[in-house]
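Work through each task before reading its solution.

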Amino acid sequence: MEITLTTPALLFPAISLLLLAYTNRFMALANLIRSLKQRYATTQSRVVFGQIENLRIRLILIRNMQALGISSMFGCVFCMFILFAGYEVVGKYVFGLSLLLLLGSLALALREIQISVKALTLELDDLEEETENS
């Protein structure tokens, strides 16, 4: 397989959009944590506490998603530099590593979504309990 300078550059838009999405998720979680902290201080609800615990895990996952995404972009830029210097074989390995880092980032994103759904399920279960008790 021949790899040129444009090959790693193809990932730039995808990685940039992923990092933007990850940052948006992080900002949404930060706001949610602040509001849930206030809500927990007044209610001491087990559901709110469970959501806060889920958010802690999700924050760690998002941090790692961002780190892997940034590492993938760094690898793409480094690959371009290596290819520019004329080291095609090394460039292929660096590009392959960049793809693996991107896969890792996407795998963590999938796990974060699963945890997000679990948090929403807790909220819905609480709503159902409130409805049944009314």
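**Exercise 1.** How many helices and how many strands does the secondary structure of the chain come to?

Solution. Helices (H or I, at least four residues) and strands (E, at least two) are DSSP runs, numbered from the N terminus. The chain has 4 helices and 0 strands. Read from the N terminus on, its elements run α-α-α-α. The radius of gyration, taken over C-alpha atoms, is 20 Å, well over the 14 Å that the globule rule (2.2 Å times the number of residues to the power 0.38) gives for 134 residues, so the chain is more spread out than a compact globule. The C-alpha trace spans about 70 × 25 × 20 Å along its principal axes.

The model is predicted: local features need pLDDT of at least 70, side-chain atom pairs count only at pLDDT 80 or more, and totals for chains, interfaces and linings use all residues. Residues are numbered from 1 along each chain as its sequence is written, and side-chain values use heavy atoms, with hydrogens and water left out.

**Exercise 2.** Find where confidence is lowest and where it is highest in the chain.

Solution. pLDDT is the predictor's confidence in each residue, from 0 to 100. Its mean over the chain is 87, and 99% of the residues reach 70 or more. Helix α1 (residues 6–9) has the lowest confidence, at a mean of 82, and helix α3 (residues 46–84) the highest, at 89.

**Exercise 3.** State what share of the contacts between residues at least 6 apart in sequence joins residues at least 24 apart.

Solution. A contact means heavy atoms within 4.5 Å. Of the contacts in question, 81% join residues at least 24 apart.
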